[in-house]
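Please keep the sequence and the model at hand while reading.

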Amino acid sequence: QRMRNKTRQRVLFVSVALLAFIILYHVWIDSVRNHPNMESPGKSIHVVLIVVDDDKPVSAGITVCERVETLLKSILVFYSGSLHLHMFTNTRSGKTLSTLFRSWSLARVRTSFYNVEEEQSTLTWVISDHTVNGYGQLKYIIHDILPEYVDRAIFIDSDMLVLEDISILHAYLLEMDRKGIMFASTSDQYKRKDLEKMFGKGARRKSVNSGLLLYNLKAMRAGDWSSIWREEGVRLMNKFNYLPCPQDLIASISMTRPSTYLQLPCVYNFQMGKHSLPWDCIKNKTELSTVKIPHWSGRGQKYYDSTGHNGYFKPIYRCFQKMDGYKFEETNEIEKYRTLMNLRNINRDKRGGNVTVATHVHFENAIELIHRLNSTWSGPISLVVCGSSWE
């Protein structure tokens, strides 16, 4: 009976995932056909990610680097052009991601890595009690970190999926370029009383969620963005002493200097965190298929959670996770094993004198081996698990 139930669950999951994928594909085809302003072929789209693993995690957890692979698969499914990923990392996540992309031969994807620990340390004067304190502030200085030849870029959080050809989103940058607009984003879909206190009545609807940002870097550099954000940061610190979220500085600029900002349709950052207000974006559940970029925002969000609107996007997320990464490779090189180091981000004991048990195992035997090692060995364990993307 248990086996039958598992089989039914698997069949149901596959059916829902396939149905969701077919719906998304047809929505995407219609969008591409009807969109009036696409980027010319042959040019790379520049995408920026901030991916930072905690150097001293309080408890073990899945590395945030794991999310990058799933996000990238979602982009490549719908987008057939070339992509340049700019990844802002600390030392730990930089090692993990550089190993992943060295072992994953993606002909259409170029990667650049930036260790931003030094830059992060210069931004701590913008005080925030948000969990990304320090690294969230990097969004203020992307124009300084990226090389001069990059004049347009899309910033996207790693806890998102892209369910549309990303060149359609990139087309907004062409509009921004014509109008001299510096940055674009969506509104914050959360009920935040602190925003009303800081910026006045109606501030929430004018606010910004920085999970997705379009940067017109050419206009930002020409318009002295460095002075704009610093002056605004000093003003806010003098007035409030701290910010609830780093993105509130960007929101303040969008309100005080509206000519620098373009508000994007909310479907490009559909937020599903606790206390989010999805009905600000869509009227009912039948409109969930219009969402272009779902965002698992908020603390402790689970991709496998079925509550609320998460239940609609959960099978889609798992579908992208399950896709074989080798399907995206376009190379005749000898097959390499895609390697994701430090899958469990833990606080490693760097003291000498310990003996480490090092071994490797196929996924189907891994759980049994982990139980056996944990019950018989009290020292550190280094385990390599071989398996498919889904495993």
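Helix α12, which covers residues 310–322, has 13 residues and reaches 18 Å from its first C-alpha to its last, close to the 18 Å expected at 1.5 Å a residue; the expected span of a helix is taken as 1.5 Å times one less than its number of residues. Helices (H or I, at least four residues) and strands (E, at least two) are DSSP runs, numbered from the N terminus. The buried residues of α12 are N310, F313, K314, P315, I316, Y317, C319, F320 and Q321, where buried means under 20% relative accessible area, exposed means over 50%, and partly exposed lies in between (1.4 Å probe, protein chains only).

Helix α3 (residues 91–102) has 12 residues that should span 16 Å at 1.5 Å a residue, and its end C-alpha atoms are 16 Å apart, which agrees. This helix is mostly covered, with nine of its 12 residues buried, namely R92, S93, G94, T96, L97, S98, T99, L100 and F101. What do the buried residues of α3 pack against? They pack against β1 (45–51), α2 (65–78), β3 (83–89), β4 (109–115) and β11 (344–345), a contact being heavy atoms within 4.5 Å.

## Basis of the model and the chain as a whole

This is a predicted model, in which local features need pLDDT of at least 70 and side-chain atom pairs count only at pLDDT 80 or more, whereas totals for chains, interfaces and linings use all residues. Residues are numbered from 1 along each chain as its sequence is written, and side-chain values use heavy atoms, with hydrogens and water left out. The mean pLDDT of the protein chain (the predictor's confidence in each residue, from 0 to 100) is 85, and 82% of its residues reach 70 or more. Among the elements of the chain, helix α1 (residues 2–34) has the lowest mean pLDDT, 57, while strand β5 (residues 152–156) has the highest, 98.

The protein chain has 13 helices and 13 strands, and of its 391 residues 49% count as buried. Of the contacts in the chain with a separation of 6 or more, 78% are accounted for by residues 24 or more positions apart. The accessible surface of the chain comes to about 20,300 Å², of which 53% belongs to carbon and sulfur atoms; these areas come from the Shrake-Rupley method with a 1.4 Å probe, and for residues only the protein chains shown count as cover.

## The disulfide and other cysteines

If a disulfide is a pair of cysteine sulfur atoms within 2.5 Å, the count comes to one disulfide. C266 and C281 form this link, with their sulfur atoms 2.1 Å apart, and with 90 degrees about the S-S bond it is right-handed. C266 lies in the loop between β8 (261–263) and β9, and C281 in the loop between β9 and β10, so the pair ties together parts that are 15 residues apart in sequence.

C266 counts as buried at 19% relative accessibility, and C281 is buried as well, with a relative accessible area of 15%. Among the other cysteines, C65 is buried at 0% relative accessibility, whereas C386 is partly exposed at 38%.

N209 is in strand β7 (residues 209–216) and is buried, with a relative accessible area of 5%. Its side chain reaches the backbone nitrogen of G211 at 2.9 Å, a polar contact being a pair of N or O atoms within 3.5 Å, of which, within protein, one must be able to donate a hydrogen and the other to accept it, while residues adjacent in sequence count only if both atoms are side-chain atoms. Leaving aside neighbours within four places in sequence, N209 is in contact with S185, T186, S187, D188, Q247, N269, Q271 and H295.

P278 lies in the loop between β9 (270–271) and β10 (294–295) and counts as buried at 10% relative accessibility. With neighbours within four places in sequence again left aside, P278 is in contact with F270 and H309. The C-alpha atoms of P278 and G308, 30 residues apart along the chain, are separated by 9.7 Å.

## Positive phi angles

Most residues other than glycine have a negative phi. D224, however, has a positive phi near 60 degrees; D224 is found in the loop between α9 (217–222) and α10 (225–240) and is partly exposed, with a relative accessible area of 40%. N241 is not a glycine either, yet has a positive phi of about 75 degrees; N241 lies in the loop between α10 and α11 (247–256) and counts as exposed at 56% relative accessibility.
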